[in-house]
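Good morning, colleagues. Please look at the structure as I speak.

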Amino acid sequence: MEAAVDRSAEGADCPAVPQTEKGEAALKAQYITTREKFHEFLAAGLKDQKGDGEESAEASTDGANGTAEEPTGEPESKKRKADDETQAEDNKQDKKKMKGQNKSRPHMKPHSYDDRRLCPSLVQERDSKCFYGDKCKFIHDVADYMSTKPADLGDRCYLYDTFGKCVFGITCRFASAHMGPDFKNLVKEEVCKTLGQKEMVRNSLDKELQRRLRKRQVTFSRSETYLKSIGAGKAKGGANGKKSGSENKNATTEAVAEVEKQCVSEQNDTAADLKTENSQSPLVKTIGPLTDADIIKLRPCEKKQVDFRDKLYLAPLTTCGNLPFRRVCKRFGADITCGEMAMCTNLLQGQASEWALLKRHHTEDLFGVQLEGCFPDTMTRCAELLNQNIDVDFVDINSGCPIDLVYKKGGGCGLMTRTNKFEQIVRGMNSVLDVPLTVKIRTGVQQNCNIAHKLIPELKKWGVSLITLHGRSREQRYTKIADWDYIDTCSRLASPVPLFGKDHHTVNSLCTLKCT
């Protein structure tokens, strides 16, 4: 009896535990809640701070009146933990927005320089005063600006030493190297004169030309003559417009002849204009030996020849062979350089990003550009456009690109299997260019089916000045070893036209092309 009384007394001190079925855990009464109370707790968490403040004020007034708020059954520690987790998630999302290529993220650059900027009229040392006058938001007091300007990073300015003048003036972080008395920007007159005679970077896109290209106001007279003759030849091919291979070749040769006739007529017109001008203006005495160029004027269609023999040729490398890379390779001994592959359709549309691939540095003495296209009309017009507006030594056709986006449209390696279109492209570009035309090909499309040896004799007939052969097929891409034995065989077929063997297998062969 005493043991029973003791147990009952111990049970009176502990909280009552509800009776549960077998397999269910026993919970304390303070942690048990209902579904309605749980939904009320979730709804309370979605309210804004203003609503929470009003509810707390009402609860305080109710408490003062003697009515207590109905408990939700959720412990305060658990509420705080849930709030901390939601705040941590929000912080993670904010940090995630700042990572990667998120273009819309807020810029974290310091704006201390923007607040204290000198007026461009003073930086450029213009003779006229600032156009905005008192409304200008920049500083016009040079002494005040120099008092708050940060210290220079060094005592030598690269722009001043190289070009003789720093375009940043006194705002340069190396201004102490070229700043004279009264905060004047010093200039090396001799260096500026020598560099002013030559253009550092050529083949830039003119804004007026870009506007005309976008509005389709550029005329392609020689290309239109060639394309019309091809269309006339197709019309003679029958009701369906189909012709045999010999008829197609005759049509393309006739088209080239018509373009040459047009060139001769244009030359005669210019010669007649020169005669009239010379008859009106008095003769000018010249000093020096008499050359053939003084007596016999060269025809515009006559192309200058490029000697590719015994020269190191830097291959056109897409996304890598840009202007700075070519300048570095030029310092290490590259003789011939070529720009990255440019799409002819983008060039005809006047895209600035595509025209940037055609830029040429003044140290590149032998420079060419590489074009990609799949139709005679666009390629011929693009060749005439470049012939009139940029300075290059040769133009290369990329018929070896293995990318699916290019191949499925018929360009790149697809031209090797479309010989009729390939011939029209080569002959058309050759007829409108005043510089040599070169071609890059692969061994073939399939891995074990080489067709380059069949195409090389045809390229010689079409008037190609140089052939570059990549020793892999399209299926191989850039894997496995290049077939140099096959390149040697093709070089004998290409003679006397020079042929360069190409291999992208190692880093050293990226820039080294062996002339066979």
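**Aromatic pairs and nonpolar cores**

In this predicted model, the count of aromatic pairs comes to 5. Let me begin with Tyr313 and Phe394, which form an edge-to-face pair, with 6.2 Å from centre to centre and 85° between the planes. This pair links distant parts of the chain: Tyr313 lies in the loop between helix H13 (292–295) and helix H14 (323–331), whereas Phe394 belongs to strand E5 (residues 394–398), 81 residues apart. Both Tyr313 and Phe394 are buried.

Tyr313 also pairs edge-to-face with Phe500, at 5.3 Å centre to centre and with 80° between the planes. Here too distant parts of the chain are linked, since Phe500 sits in strand E8 (residues 499–502), 187 residues from Tyr313. Phe500 is buried, as is Tyr313.

Which residues make up the aromatic cluster that contains Tyr313? The members are Phe308, Tyr313, Phe394 and Phe500.

I turn now to the nonpolar cores. The largest has 51 residues, of which Trp355, Met429 and Ile441 touch the most other members. Leaving aside residues up to four places away in sequence, Met429 touches Leu371, Met379, Thr380, Ala383, Val395, Ile397 and Leu437.

Finally, two arginines lie over tyrosine rings. Arg474 is over the face of Tyr407, at 3.9 Å from the ring centre, and Arg442 is over the face of Tyr478, at 5.2 Å from the ring centre.

Terms used
Residues are numbered from 1 along each chain as its sequence is written. This is a predicted model: local features need pLDDT of at least 70, side-chain atom pairs count only at pLDDT 80 or more; totals for chains, interfaces and linings use all residues. Side-chain values use heavy atoms; hydrogens and water are left out. A nonpolar core is a set of buried Ala, Val, Leu, Ile, Met, Phe, Trp, Tyr and Cys residues joined through side-chain atoms within 4.5 Å. Buried means under 20% relative accessible area, exposed over 50%, partly exposed in between (1.4 Å probe, protein chains only). Contact means heavy atoms within 4.5 Å. Rings of Phe, Tyr and Trp (its six-membered ring) pair if their centres lie within 6.5 Å; planes under 30 degrees apart count as stacked, over 60 as edge-to-face and the rest as tilted. Helices (H or I, at least four residues) and strands (E, at least two) are DSSP runs, numbered from the N terminus. A charge sits over a ring if NZ of Lys or CZ of Arg is within 6 Å of the ring centre and within 35 degrees of the ring normal.
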